[in-house]
Amino acid sequence: MQEKPVILEIRDLHARIEDKEILRGINLTVRAGETHAIMGLNGSGKSTLAQVLAGREEYKVTQGEVLYKGENLLDMAPDERAQKGVFLAFQYPVEIPGVNTSYFLRAALNSIRKSRGEEEMDATEFLKLVRQKMGLVELDKSFLSRSINEGFSGGEKKRFEIFQMAVLEPALGILDETDSGLDIDALRVVAQGVNALKSDENAFVVVTHYQRLLNYIVPDFVHILMEGRIVQTGDKQLAIDLDATGYKELQEAAR
Amino acid sequence: MKTIVELDAARDRYVTRHEAFLNNRSEAAWLRQLRVQAIERFAALGFPGTRHEEWKYTDVRPIAAFENSDAPSLNGNTTTEKWALEGAHLLVFVGGKFSPTLSHIGELPAGVTVCSLAEALSRDSEIVQQNLARYASFENEAFPALNTAYFEDGAFIHVPQNLVVETPIHLLFLTPDGAVSQPRNLLLIGDNSQITIVEEYANKNGVGAGFTNSVTEVSAGKNAHLDHYKITTEGAAAFHVGTMQVQQDRDCVFSSHSVTFGGKIVRHQANAIMGGSGIETTLNGLYVGGEDQLIDNHTVMDHAEPHCASHEVYAGVLAGRSHGVFNGKIFVRLDAQKTDAKQSNRTLLLSREAEIDAKPQLEIFADDVKCTHGATIGQLDDDALFYLRARGINEHDARDILTYAFANDILERVQIAPLRERLEKALFEKLQSIR
């Protein structure tokens with residue numbers, strides 16, 4: 001069987017914020033059609049990794065490289081990354097009063113299409129697409145007339161992230177603790193949305209605190225992140241074992 | 001010293017010419033007397049220097065020195081299409097004088113008067129005599145004193161009690177290059193009556209190199225509802241000093257939205273006196289400045305009676321070397337218990353050289369009141385910028401979207417749909433021009 005093409009390749013990635021080194025040599029290869037879960041304690045560097053991949057400027061990469069479909073991802077501005085198909089579902093989606101969700105999403109979609117030399121989508125076509133995708137995450141169409149994340153509940157914000165991902169159809173979806181704070185119903189809806197988007201062409205990196213999510217979004221690989229390094233990699237069983245034994249044992253074993 | 005000499009010379013110029021101005025007009029004795037009092041006050045006050053606390057940040061020397069050119073372009077073809085508000089009654093003033101040919105006043109409820117102030121004065125209307133200069137005091141204010149001494153025309157609106165004027169009244173003041181215009185508006189809204197008035201200042205042609213010194217007096221009766229808008233989009237060289245004085249009686253609801261995009265030096269003074277209980281007053285404003293524009297907003301909310309609410313939101317976007325001034329006074333008099341006053345002033349600075357002087361000023365003499373104020377000054381939110389960029393929107397567009405949203409918060413409150421749409425378009429163009 002022929003191996004699927006590599007979407008993301010992280011080599012010896014080191015990154016810091018201000019004077020604090022957070023990532024200390026991450027290595028990770030993600031191929032098309034795969035879902036990778038990254039687990040770890042608070043402060044292990046999970047969210048930093050997600051932010052660095054999306055291009056957050058506060059984080060300085062001090063060593064290593066990241067290739068996205070063979071191109072140097074770290075050289076690209078955040079908007080360029082998004083245009084090429086990288087999507088970060090934010091852990092803390094930002095409230096932007098006065099910017100209408102529908103206007104925003106159409107601007108995003110059209111700038112991505114434009115960067116690919118495709119025609120911009122008109123309002124009618126866009127509305128059709130949006131209606132179809134809203135069903136995926138059970139969002140009400142009243143969302144289209146609201147301001148971005150303004151007054152959304154925690155669960156609505158996360159569903160809105162997944163909805164955006166569904167509209168923009170990225171090749172690499174990075175979910176940064178999308179499950180945190182969700183009740184089981186909301187979790188199911190979010191997972192359903194992600195599963196519906198999965199294909200042989202795209203890949204997902206799911207950063208999470210809790211094994212529970214992985215019952216719904218089943219990963220091909222589970223990586224344990226500790227002190228800025230991946231200390232263990234396994235299949236979905238690893239997450240289940242970890243849930244039973246805890247990080248402490250793992251931490252001791254690693255020493 | 002030089003400042004004082006310049007301002008005094010300008011004052012003397014206006015004072016000296018006043019006699020000739022009066023002699024050229026055949027006016028009623030009461031009006032003549034009023035004008036003489038006004039020029040005397042102006043002579044005593046002079047143009048305010050920057051040592052004057054209320055004019056600390058606004059140097060009026062260029063305004064004071066500005067002279068009417070020999071031939072301000074009052075003639076020539078003018079179309080008002082650009083400013084059209086579908087359905088509204090339109091009164092156009094060119095260089096401060098009413099233009100019957102450009103105006104069209106539709107059908108109004110019986111008893112309602114909408115005409116030029118000059119026309120009302122020519123009829124020697126008693127109601128004008130009783131109300132003119134009754135609200136806007138010129139005792140201590142140089143610009144209203146100057147306006148009272150020299151005004152020639154403006155709008156006169158009188159709505160007797162229990163009448164609703166459904167269609168907005170649009171007052172459009174076009175300033176020709178080279179002209180000094182001093183329009184005077186008198187708006188009298190009776191008990192239980194309702195009306196919407198748009199007061200708009202634009203330049204007729206050129207870069208708007210003119211000086212407008214307007215005074216708008218408003219008296220709103222018991223339970224009256226008045227929505228007022230002041231739009232200032234004069235050209236890059238225009239000087240504008242505008243005073244609005246509002247007197248409200250009990251249970252009256254008054255709102256005014258001031259939108260300023262144009263002008264080189266613009267000063268708005270908006271004062272509302274809540275002279276009865278149960279009054280609700282809103283003063284909101286949006287100003288967008290670029291290059292070396294100076295936009296100064298001074299407001300006064302005067303809670304003289306109990307159980308009144310005032311709301312005030314001013315938002316400013318400043319780019320280039322532009323300078324904004326916001327001074328918001330709230331007085332809560334001894335008797336004004338249960339006052340609920342809210343004020344907020346937000347400014348977005350888009351360049352290093354742009355500047356804002358913001359001063360909320362609360363003077364509270366009653367003890368059972370709720371007064372809040374807040375001022376924020378800053379740049380665009382980095383988190384919001386990153387969020388938009390992370391969705392593929394380039395930095396340039398992301399900044400535009402956020403800036404527009406910040407400013408549009410005020411325009412969303414404009415209740416007249418065609419005006420709101422026109423202002424949204426103007427906002428978009430203004431933001432493009434200053435970035």
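Two residues are in contact if their C-beta atoms, placed from the backbone, lie within 7 Å. By that rule, 19 residues of chain A are in contact with 17 residues of chain B in this predicted model. On the chain A side, the elements that give two or more residues are α2 (78-83), β7 (96-100), α3 (101-115) and α5 (154-168). The residues on this side of chain A divide into 13 nonpolar, four polar and two charged.

**Chain A as a whole**

Chain A contains eight helices and twelve strands. Its radius of gyration is 18 Å, close to the 18 Å that the globule rule gives for 255 residues, so chain A is as compact as a globular protein of that length. Some further values for the chain are listed below.

| Property of chain A | Value |
|---|---|
| Span of the C-alpha trace along its principal axes | about 60 × 45 × 40 Å |
| Share of the 255 residues that count as buried | 42% |
| Share of contacts with a separation of 6 or more that join residues 24 or more positions apart | 72% |

**A four-stranded sheet in chain A**

Four strands of chain A form an open sheet in the order β2-β1-β4-β5, and the pairing is antiparallel. Strands β2 (20-31) and β5 (71-72) of chain A stand at the edges; each has a single partner strand, so one side of each is left without a neighbour in the sheet. For β5(A), strand β4 (residues 59-68) of chain A pairs with it in the antiparallel sense over two bridges. In β5(A), N72(A) stands opposite L67(A).

**Helix α1 of chain A**

Helix α1 of chain A covers residues 46-54 and is mostly covered itself, as nine of its nine residues are buried. Among them are K46(A), S47(A) and T48(A) at one end of the list and V52(A), L53(A) and A54(A) at the other. Just after α1(A) comes G55(A), which takes a positive phi of about 100 degrees.

**A proline in chain B**

P160(B) is found in the loop between β4 (155-159) and β5 (169-175) of chain B. A residue is buried if 20 or more other C-beta atoms lie within 10 Å of its own, and exposed if 12 or fewer do. P160(B) has 18 C-beta neighbours inside 10 Å, so P160(B) counts as partly exposed. Leaving aside neighbours within four places in sequence, P160(B) is in contact with G111(B) and G190(B). The C-alpha atom of P160(B) is separated by 8.0 Å from that of L188(B), a residue 28 residues apart from P160(B) along the chain.

Key
Residues are numbered from 1 along each chain as its sequence is written. Chains are lettered from A and ligands numbered from 1 in the order in which they are written. This is a predicted model: local features need pLDDT of at least 70, side-chain atom pairs count only at pLDDT 80 or more; totals for chains, interfaces and linings use all residues. Ala, Val, Leu, Ile, Met, Phe, Trp, Tyr, Cys and Pro count as nonpolar, Asp, Glu, Lys and Arg as charged, and the others, Gly among them, as polar. The radius of gyration is taken over C-alpha atoms; the globule rule is 2.2 Å times the number of residues to the power 0.38. Two strands pair if DSSP finds at least two bridges between them.
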